[in-house]
Every structure is written in structure tokens, then in C-alpha cells.
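Subject: Structure for you to look over

Hello,

I am handing over the structure below, followed by notes on what was found in it. Please read the notes with the coordinates open.

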Amino acid sequence: MHTFEFVRPKDSAGAIRAAATTKTAQQGADVRFVAGGTTLLDLMKLNVETPARLVDINRLPLGRVEATPDGGLKIGATVRNSDLAHHPTVQRDYAVLSQAILAGASAQLRNMATTAGNLLQRTRCVYFRDTAMPCNKRDPGTGCPAITGSNRTLAILGTSESCIASNPSDMNVAMAVLEATVHVQGPKGSRAVPIGEFHVLPGRTPQRETVLEPGDLITHVTLPPPIAGSKQLYLKLRDRASYEFALASAAVVITVAGGKVTRARVALGGVGAKPWRSPEAEAALVGQMANATNFRNAAEAALRGAKPQSENAFKIELAKRCLTHALQTAVTS
Ligand SMILES: Cc1cc2nc3c(=O)[nH]c(=O)nc-3n(C[C@H](O)[C@H](O)[C@H](O)COP(=O)(O)OP(=O)(O)OC[C@H]3O[C@@H](n4cnc5c(N)ncnc54)[C@H](O)[C@@H]3O)c2cc1C
Ligand code: SF4
């Protein structure tokens, strides 16, 4: 691994000052915040990330889960994934989030991984992680060998001619259906970004994955109050039962009254260039009877725009079945 400086600021302002001169959260940055390190140090060992300075944010007071005055939840940026998944309020009111986190990685990794780090985890595309290969995301303008190469695990929704990488996070899919807000503090002040606007599609600039600007520090994530009477579920399909990323996953929050769907939030994982909320599926569900035919119709709507690559056309049917089954299981639970 290359050499780098390691700094440990005591407050958020110090951390932001230390990072404000660089791209920070985007590919190729000279300065990186480090939280659990489970993505960043991995990529540094592979020379995919070569920051000159690491700003350790673990001493900042960002490690708490608290109720908000409106009945929602505030989750600090450095709250560990394990602590969040096992938090009693999360298990009771935001079960889809707990399930999604526990479906990811391993117990040891979840003990280190943080809320903000998980939001910003990088793709598992094999070419991105191999510096001997070209890759538009890692080294803009060099090309995308995945399009004609190994793409079985990559995206079918939201891709571009420059990049077909999938967002690998399970937690992000749950955050999408819970309509989380990401709170950011930067050199120009604080702002709140809805989760649906936080990640950006690859377009011609796949090296840029989020709306974060130089020096921006994620301080916390908020969740709105839980929806009374709703059923929630996260379902993850993968090559083996644990310690594996999703080939397709579905997060659902659904409310049914008198046999009809009155509210639905639906998102897919493993298939999108970003965590894939599906307004099409939601529109197809609301007002319809909560039954298998209508759940399948919603899944058809969610995947209508899918563009398969040479090795991953199977994901279209897999994602449809995943979503149909998730909806069916949620309403009968
Ligand atoms: C073997 C393995 C298997 C895995 N399997 C899964 C899986 O099945 N499902 C899944 O969802 N995930 C999986 N993961 C990924 C794991 O969830 C992430 O690595 C983890 O969530 C990242 O969190 P972290 O705190 O360690 O991030 P770090 O590595 O510390 O940081 C990641 C990125 O976020 C930036 N960053 C961190 N905090 C902030 C902040 N507050 N503000 C701004 N920028 C910040 C860093 O600069 C860095 O760019 C796996 C990882 C490994 C190594
Ligand atoms: S899919 Fe994206 S990450 Fe993978 S090789 Fe192509 S540009 Fe790189």
C-alpha cells in the first residue's frame, strides 16, 4: 500500500477543513474520511484508492441513534451497522432496515461498518477493483470492459454506455423505501438531501456517484415517522445464503385496508446503478387488490425499462419474482 497521512480531528469543523480542498467523496480524491474502513482500506490495498491523507471521523460525536421531535429517527453517521440493525426502535418500527442490514456482509464487518460508509460503499465490479484493467469509473475515459466482459452481477436499470456497475448496498435499498434524508455538513454550511437524490446515475461521469461536494461530511440520516399499520420486508436473492452481495433484492413498505393497497413504497437492490426506488411499481399497486396477480403486475412495471447485458438477462425475471414474493410475504406476515 502507498504511504498516507492520518489525521484525527476532534470536531466536525476540523474534519471538514481537513477535507475541503479535494474531491473527498468522489473517485480519485487526495483526502478521504475514514469511518469503519471496510470499503476504503480494501480499495487502498488494491491501489484503487490512493488518498494522501485519511481523516478519521470516529472521534466525532456522530454515533447516536435518537428519536426526533416529529416521531422519526436520527441515525448518526458513525453508528455501526450492527448497532443500528439491533436497535429496538429500528427492529420495531423500521424492520425493513434491520432486515436489510442483517442480510449484508458478515457479523464482523457489520460491527465495523457505519451508516455513512454504507451509503458510500463502492461497486463490486471486478474491473473497478483491478488496476490492470481499464474502467471509466476508476480512471475516467479508459472504457468499460464490463459491457463486453464479465457482467453477470452488474446492473440492468439506470446504466449508461460509460458504466453498467450496480450499487451493491442492502441498507441503501431499505433507506429508499423509508424515504430517508441524508444530512450533510460542508464548507458552505449544512443541507439535507432526500435519499432519492443522493446517489446519481452514471451517465458520462460514472466516477461521480453522489451529490457530495469537496469537504462534505455526512453527519446523520433521518427517517420520517413510521407508517401506522404498514407491513415491511426486505428479501435478498444471492448465489449463497450468507456473506454474498444481492443478485436481486426487494424492499417493500405496504399498507392494505379492506383488501386493497392504500400505500406502497418499493425499491430494488442488486439490479440498479443506484438504489432503485420504483414509482412505476408503487403506482401499479395503489388502489388495487392485494393479490398475486397485482403484485406480479407491479413487478412487470418495475422492470419495464430494464436493459440486460450479455450475462445478466436472468436478473429481469429474478427481480420480478423477488419483488412479487416480497409483496406477498409482507402482506401475509
Ligand atoms: C467481504 C465484504 C462483503 C460485504 N458484503 C456486503 C453485503 O452483502 N451487502 C452490503 O450492503 N454491503 C456489503 N459489504 C460492504 C460493507 O457494508 C461496506 O464496506 C460498509 O458498509 C462501509 O462502511 P465503512 O464505515 O466501513 O466505510 P469506510 O470504508 O470507512 O468508508 C467508505 C466511503 O465512505 C466515505 N465516508 C465514510 N464516512 C463518511 C462521512 N461521514 N461523510 C462523508 N464520507 C464518508 C469514505 O471516505 C469512503 O469513501 C461488504 C464488504 C466486504 C468487505
Ligand atoms: S461497469 Fe463501471 S465500474 Fe465496471 S468496468 Fe465498467 S465503468 Fe468500470
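A residue counts as buried under 20% relative accessible area, as exposed over 50%, and as partly exposed in between. Y243, at 48% relative accessibility, therefore counts as partly exposed. Please keep in mind that this is a predicted model.

Y243 is found in the loop between β9 and β10. Its phi is positive, at about 55 degrees, although Y243 is not a glycine. N47 is also a non-glycine residue with a positive phi, here of about 65 degrees. N47 sits in the loop between α2 (40-45) and β3. With a relative accessible area of 42%, N47 is partly exposed.

The parallel sheet

Strands β1, β3 and β2 make an open sheet in the order β1-β3-β2, with parallel pairing. β1 (5-7) and β2 (31-34) are at the edges and have a single partner strand each, so one side of each is left without a neighbour in the sheet. From one strand to the next the twist averages 25 degrees. Helix α1 (residues 12-19) packs on this sheet and touches β2 and β3; the direction of α1 makes about 150 degrees with that of β2. Three bridges pair β1 with strand β3 (residues 53-56) in the parallel sense. F6 has L54 in β3 as its bridge partner.

Strand β4 (residues 65-67) and strand β5 (residues 73-76) are antiparallel and share three bridges. A67 stands opposite L73 in β5. The two strands, β4 and β5, form a hairpin with five residues between them, and G71 in the turn has a positive phi of about 95 degrees. β5 is also joined to strand β8 (residues 217-223), through four bridges and again in an antiparallel arrangement. Here K74 has T222 in β8 as its bridge partner.

Is V184 buried or exposed? V184 is buried, with a relative accessible area of 1%. The residue belongs to strand β6 (residues 181-186). Leaving aside residues up to four places away in sequence, V184 touches G189, S190, R191, V193, L212, D216, L217, I218 and T219. As for L212, its C-alpha atom is separated from that of V184 by 8.2 Å, and the two residues are 28 residues apart along the chain.

The antiparallel sheet and the helices on it

Four strands form another open sheet, in the order β9-β10-β11-β12, and the pairing is antiparallel. Its edge strands are β9 (231-237) and β12 (276-277), each of which pairs on one side only. Strand β11 (residues 260-269) is joined to β12 by two bridges. A267 stands opposite R277 in β12.

Helix α5 (residues 95-102) lies across β9 and β10 (248-257) and runs at about 15 degrees to β9. α5 is mostly covered, with six of its eight residues buried. The buried residues in α5 are A95, V96, L97, S98, A100 and I101. Helix α12 lies across β9, β10 and β11, running at about 35 degrees to β10.

The α11-α12 pair

α12 (residues 314-332) also packs with helix α11 (residues 292-303), at an angle of about 140 degrees and with the axes 9 Å apart. α11 and α12 are therefore oblique to each other. The crossing in which α11 passes α12 is right-handed. Which residues of α11 meet α12? They are A292, F295, R296, A298, A299, E300, A302 and L303. By class, the contact of α11 with α12 has 11 nonpolar, two polar and five charged residues.

Regards

Technical notes. Residues numbered from 1 in each chain as written. Chains lettered and ligands numbered in written order. Predicted model: local features only at pLDDT ≥ 70, side-chain atom pairs only at ≥ 80, totals over all residues. Heavy atoms only, no water. Axes fitted to C-alpha atoms, helices over the stretch in contact; angles between N-to-C directions. Parallel < 35°, antiparallel > 145°, perpendicular 65-115°, else oblique. Left-handed = near helix turned anticlockwise from the far one by under 90°. Contact = heavy atoms within 4.5 Å. Nonpolar A, V, L, I, M, F, W, Y, C, P; charged D, E, K, R; others polar. Pairing = 2+ DSSP bridges. Buried < 20%, exposed > 50% of the residue type's maximum accessible area, 1.4 Å probe, protein only.
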